[in-house]
Structure formats: structure tokens, C-alpha cells
Number of protein chains: 2
Amino acid sequence: MAQSTVRRTHHPEQATKSNVLSLPLERSQADRDPHSYERWLIGKLMRMAGAPPVRFRLWNGDCIEPEQQTPRFTLTLADPKALYSLVANPNLAFGDLYSAGRLELEGDLTDFMEALYRAVHSARQKWPKWLNALWKNHNPRATGISEAKENIHHHYDLGNAFYQLWLDSAEMQYTCAYYEDATKTLEQAQLAKLEHVCRKLRLKPGMTVVEAGCGWGGLARYMARNYGVTVHSYNISREQLEYARAEAEKQGLGQLITYVEDDYRNIKGQYDAFVSIGMLEHVGKENYPALSELIKRSLKPGGIALLHSIGRNRPMLMNAWIEKRIFPGAYPPSIGEFMEICEHGDFSVLDVENLRLHYAQTLSHWMDNFTANQNQITQMYDEHFTRAWKLYLAGSTAAFRAGSLQLFQVVFTHGDNNQLPQSRQDLYTFPATPEGV
Amino acid sequence: MAQSTVRRTHHPEQATKSNVLSLPLERSQADRDPHSYERWLIGKLMRMAGAPPVRFRLWNGDCIEPEQQTPRFTLTLADPKALYSLVANPNLAFGDLYSAGRLELEGDLTDFMEALYRAVHSARQKWPKWLNALWKNHNPRATGISEAKENIHHHYDLGNAFYQLWLDSAEMQYTCAYYEDATKTLEQAQLAKLEHVCRKLRLKPGMTVVEAGCGWGGLARYMARNYGVTVHSYNISREQLEYARAEAEKQGLGQLITYVEDDYRNIKGQYDAFVSIGMLEHVGKENYPALSELIKRSLKPGGIALLHSIGRNRPMLMNAWIEKRIFPGAYPPSIGEFMEICEHGDFSVLDVENLRLHYAQTLSHWMDNFTANQNQITQMYDEHFTRAWKLYLAGSTAAFRAGSLQLFQVVFTHGDNNQLPQSRQDLYTFPATPEGV
């Protein structure tokens, strides 16, 4: 069963690599009174974090109020060691403690994370060096061909049944949707995203497309179905590909789509379009020049490329907890680093669109679905897993709201290509959201 | 008279700094036969330039045909020294020789320049170091506050009467127009550009705008007239400002617009929008961090900034002749360098649009107007001036066509601003080209 595989790939890392999670040992100290320097430490920690409106409740029920403001949130620390983990490695420990239930929150999790991100973001500009070092996120894991497989397996092979519980039902897209207006549903916005991407690529029947990283293959099917193009889609997640192939067969699109189980680095041939939605985050900065060269040789002279990726306003490492527990190897590029990919290949950047708040909305829709199926998910995995994933969804929503993450869609062509669209008017002639969804 | 001032500022530089231009001396050699190594030199030069389809006619009438292709153009060298200048410093000498009439072209000047750019661009990738050094463009002149005044005076104070002969008549815009479709006229496309920019800034009545570098002030008048906003526009070209102020008064917009004769670095106050059309090319790379900080402090928390500038696919110095004779201090940033301006201020990039071929079309419309008024321009200045300007217009058209120049419009906001437009749909609801123009 897929689920039992998941338990094995997910839990060993937690048990061996993190001592924060071995509950019974530390709970033994939870009956002693807090020391006065422990209160002082919390005050210090909160000032460093830019004084978010948070009350701390200690293991014995004592409360430490935020300075000069009414608390909007209360954090309860279950035991003294939780406090020391938090001080020693706040980025990593917060997630681990919350997942383990040793840190409890009263108040909305997403709102709390947004308040925290905003407070830390402004405080960080005045931090001394040592504090930057303490709060620093570590470098992402390697993303060579063999490690990439491991990294992707860790996250994407959790089981299709799991993702079906909270992604859109039409194409199971685990990337930012496109909300033409804020009232649109997740189902509508995910289809609108596919349409928006196809329009940006100016697809015409008979064209050929190559896709690097295809998830459950929804974009390829949308392109084949609605634009009559031939698609080669690469992915290294076997479970996703099995689903993608079965769906394509079911829809009678087998002739137009080839799902290839291989690393994107092994893409062969030349195409009218090169597209990659939500893979660049896993590519690793050191591989950007090679990616650029790959696109260079895979794109026909008049072809158009589109990369869609989480990004940053300036270079910054991924949050340590996310990188360690959720997305090994992840690194969202800054807009400047993103442009280096284009510069390296002497490409001409035609269009950059930032869909930051669209991702906040997507994630909040995912959270709604996730919460609605929470009991089932806990039965499939366990309470720890459910709490970790809710924190990840809430934290990501908050990061997009607070502006610490961006979502860039970048369109580019070979530098000497003059077969360019006259303007972007054609993207907006009709609504991208399909009717009747 | 403005024109006589121009003669003085334009000619001394040519007479003192460039010996290429002192005709009578060198013409004396024009009656001798070419040496065999001079023929060899031309062959070598052409191979270095990537073998463009060009025939060389020497001063005695001898021709050197291009290898393995039919020539599309013929270049006639008037004297032996012209050949040596060309070999020693091709980027600079080509322009000077052409302007002086010591290099004549048969064939369309723009097409020739495009063929040359394309050939050199591909050849350049295989050049040895010494050749790169030979063909190198030098660093742009300084752009400190005092030099900036000098640089801008050199080009923009040539006389309003001169620019009126070939720019659009509505707002005299000396920047890239926006052609919603290729059939639009220059007049239509220049107004459409203003409209497109206003839409990107999401202007609403009562808002305040600051403009860095305003040319003849057309954007400010368009904004005040059509959007009811208050505009502060900065410029250091006195002659342009006099025109701008007179026009604003004539149109009854004096209350809404303040044209400030000062360097953009002295902008004061906070505004709903920060806009700069075609000034970044003159800012100088070393001043990008300061520009970013200026925008940071000039933009209200919910404000939108737009920079419109010539750019590059990758960092590259301005063509030596253009930098020396036409635009002192000019440096178009690469897309990566452009993004560094945004990264430095922790801005969030919302939208990048590349209007490269729109600039090619704009320039070609300017060339048509210029050519139609060529005799008058030669009477105002002289033959040398007219030839230099035609080469500059043709060369720029060619550079945009060949992809060696780009035109980027970049929209960005403060990183923590969530008052963002939902999508770009609103830019395309109605045509940007005004009716009845």
C-alpha cells in the first residue's frame, strides 16, 4: 500500500535526525517551575523576532505578555526543553515542536505565521551578525541526478490518495492557481492557470511542447486536449507518472502525450515550446547554467519558453524546517537569479508576471480542503504528520501574504527570434476561466 | 538661436578629438593604388565580423567581394586612411567615417546595420581575447550630478525645433512607442504608450505622481489631462522644460503639474506612483543602488513604480560611436542588472514587458520623418550632422531588430504591499490607442 511506504519514508528521518521529537524523555521536566532567566530568554527571543503580538504560556501555566501591545495569539510551551530548542534553532524547532504538539497555538495559524514573518522581516534589517548566524537557514541539500530522485520521492510520492484529498479534482495541480477574480474557486483557478500558460506560449495545433517536471500530468493533458499539441513531459516521480498515464489513456490522449520517467536533464529533441511549472524550486542554483543550456538546445529558433516558479525579492535560503522536513533541496530563486538563467543562454525575456497573492489564495483553498479531510489524513498517517502539513500550508500562505515568497511566470525566447507576439492583448481577449466549472 | 549654439557644442569635439574627420589631409592619398596587404586586411576584417554579405569598393574603384555569397551591400572607402581607422577601432571609426562621407553605402542603411549586428553577434562568441579587446566598447562617461548635466545637454538641447521635425506632433516623445498592432501610426502609438503606462500604474483621480526625467513633459500632461492626477516632473534639460511648461499652461494644466529643473536625485516627498520613461539609460550602473533607495523613500506604502528603459539580454557596453558622438554616459542595463535595482530596495517585481520590436518600429517611423525633413535639417546643421543622425537612427533600429537592444517596462512595489491588482486584465479591457488620432 502506498500509505505504508509513506510511513516508512517519512518517519525514520524524524526519529533519527531530530531529538526534539522524542516526547516522553522531555515531558518529564514539564512539572518544574520556570526559572527567571527562562522568562528573560523568551522576552529576548520575542524582541529579536521584532516583537510579534504573542503571549507565551509556559508549561506550568505562567504567562509572559508581549511588550506594549495586546496579544493576538498565545503560544503554549509544553516543557522547558521546548524553550531551549526554540532559542537554539528557532527556524527548525518551531516546526518540529508544533508538529509534535509540544508547542500549541491559540489563534489562527496562518495569521500567526504572517504576523511572525512580517515582524521578523523588519527586525532582521537591524540584527547583529551573530543573530543572523543563529537564525540562518542552512544551504539546501544537493540536487544532482541521484539526490534529486531522493528529494522528489520524499515529498511527491506520499501517495496520490493523499494529494487527491485536498488538491483540485480536475487535474491535481500542486502549483499556484490563477484567480481572474477573487471569487473564483480552486477548481476554476487551476484550469485558468493552465489556460493562461498555454496562451503565454501561443500554442497552435500541431506544435510540439516539452515539459520539465509534470506532476500528475495535468498541463500536458490540457494542452493536448484544448490546443491539439504534442507533448513530452518529464518527471522522476513514478507514482505521479502512473496516474498521469492512466488519465491520458482514459481521456484518449495517449497519441499526443509521452510521459517520460527521467530527469529533466536528459530531455532530447527540439520543440516549439519549453515549459516548466513548479520545478525550478527543486533545480538548485548550481544547476541554473545547465538548465539554461538545456532550454537553449531544446527550443526551436522561433520557440517560446515559460518557467513558473516560487521566487524571492532578493536571494535568501529556504526556511530550515521546510527544507528539512517538507521539501529537501528546495531553493526559490530571487528575481535576479531567475534572470541569470535567461542571461546565461542569451535569451530575451518577454514577460514576467508575479502571481504572489494568487498563491496565498491557492494555499488557503488547499488548507480548507485539507482541514475538511483532516481526520482521514490522520488515520492514513498520524497526528504528527497532519500537524506538520497544516503548519506547512499555513506557513506558506503566510509567506506569500507577507511578501517573503513570490510567484514568477517568466516567458522568454532566443535572443534573435523576431516572431514575437505584438502585445499581450491576446492573453486577455476571453476569460481564462473555463465556463461551467 | 538655438541652432547656432548646437553647432558650437557639436563640432568642436569632432574637430579636436577625432582626426578621422579632417578630410583634406587624407584625401591626398586617395589617388594611389591599394596594396595587396590592404586587400588582405579587408578580408580579415570581414571574417572577424562574421562575414556579412558586403562588397568593399576601394578608393581606386577596385572591389573585394564577400566569400561564398552574393553581396547585398557595397561599402566604398574613400581613402586608405579610412581603411586603417576602420581596422584599428571599428566601432568608433565606422560611424565617424560614415558621417564624414568617407565611407559610402549602397543598399538600405538599416538593413545593412541589422545584417552587420547579426553577423558580429554570432562571430563574437568565437573571438579570441585580443579581438574582443580590439572591438571592445569603452566604459561610459561619468554620470555624477555635474557630468549628467553636460551629457544631457549634449543630446537633448539640440533645439526643440530640430526634434519637432521628426518626433510625434502630439507630445514630442523621444522614447519607444506602443503599437497595439503593426498598422498603427507613430502618433497613435505614442499616445497608446502613455495610456499603457498610466494603466500599469493604476492611476486614479487625486493621486500624486513623481516623474524622473520628463523630456518635453508629455507623460505628465497626459496623466493630468486623462487621469486627474498631480504630477511632479524632474528634468535637467532647460530647453525641454521651457517647452513642457508652456504646453501645460496652454492646456490649462498648470495647477496639476510642476515641472522641476533639477536632477532626479533631488526628488523630495512621497507619491502614489514613481515613473521614469527613458532615463535609466543615462543613470549609470554605479548609481543604481542610490536610485533604488530614492524610489524606496519616494513611494507611498501602497504605491506603484514603473521604469521604462532600453536594456540588454546580458551585460554589454554601449556601442562606442553612440556613446561618444550621440549619447555620452549612456549604458542600457541587462535584465539582471535591472532586477538588481529592484532587489536592492527589497521591491517586489510585478510585471516586466519587453517592447523590443516596438522600438524598432518607432525608430523606423522617426527615420521616415527625419528623411522627409532631411534638407531642412542639413540647412540647420550640416551634411555631417544629418548623416550621423541617420546612421544613429538606422543603427538603433537595426540593434532592436537584431536583438542586441531590448526595451523593458518594469513595474514594482514595496515588498510588503498587498494592495495589488488581481491580474493584468484591466490593462487590456479597452484599446490603449485613442480614437480619432
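Chain A falls into two domains, domain 1 covering 2-134 and domain 2 covering 145-428. The model is a predicted one. Taken over C-alpha atoms, the centres of domain 1 and domain 2 of chain A lie 32 Å apart. Where the two domains of chain A meet, 22 residues of domain 1 are in contact with 27 residues of domain 2.

On the domain 1 side of this contact in chain A, the elements that give two or more residues are helix H1 (2-17), helix H5 (90-100) and helix H6. H5(A) supplies the largest share of that side, with 8 residues. By residue class, the domain 1 side that touches domain 2 of chain A has 9 nonpolar, 9 polar and 4 charged residues.

Helix H6 of chain A spans residues 109-124, and A:Ser122 is found in it. Is A:Ser122 buried or exposed? A:Ser122 counts as exposed because it has 12 C-beta neighbours inside 10 Å, and a residue is exposed at 12 or fewer. A:Ser122 also brings together two separate parts of the sequence: A:Gly50 is 72 residues away along the chain, yet the C-alpha atoms of A:Ser122 and A:Gly50 are 6.9 Å apart in space.

The next part concerns chain B. Strand E6 of chain B runs over residues 230-235 and is mostly covered, with 5 of its 6 residues buried. Which strands pair with E6(B)? One is strand E5 of chain B (residues 208-212), which pairs with E6(B) in the parallel sense over 5 bridges. Within this pairing, B:Val209 has B:Val231 of E6(B) as its bridge partner. Another is strand E7 of chain B (residues 257-261), and E6(B) and E7(B) likewise pair in the parallel sense, over 5 bridges. Here B:His232 has B:Thr258, in E7(B), as its bridge partner.

Helices connect these strands. From E6(B) the chain crosses through helix H12 of chain B (residues 238-250) to E7(B), and this β-α-β crossover is right-handed.

Key
Residues are numbered from 1 along each chain as its sequence is written. Chains are lettered from A and ligands numbered from 1 in the order in which they are written. This is a predicted model: local features need pLDDT of at least 70, side-chain atom pairs count only at pLDDT 80 or more; totals for chains, interfaces and linings use all residues. Helices (H or I, at least four residues) and strands (E, at least two) are DSSP runs, numbered from the N terminus. A residue is buried if 20 or more other C-beta atoms lie within 10 Å of its own, exposed if 12 or fewer, and partly exposed in between; C-beta atoms are placed from the backbone. Domain bounds come from an automatic or database domain assignment. Two residues are in contact if their C-beta atoms, placed from the backbone, lie within 7 Å. Ala, Val, Leu, Ile, Met, Phe, Trp, Tyr, Cys and Pro count as nonpolar, Asp, Glu, Lys and Arg as charged, and the others, Gly among them, as polar. Two strands pair if DSSP finds at least two bridges between them. A crossover is right-handed if, with the strands pointing away from the viewer, the path from the first strand over the helix to the second runs clockwise.
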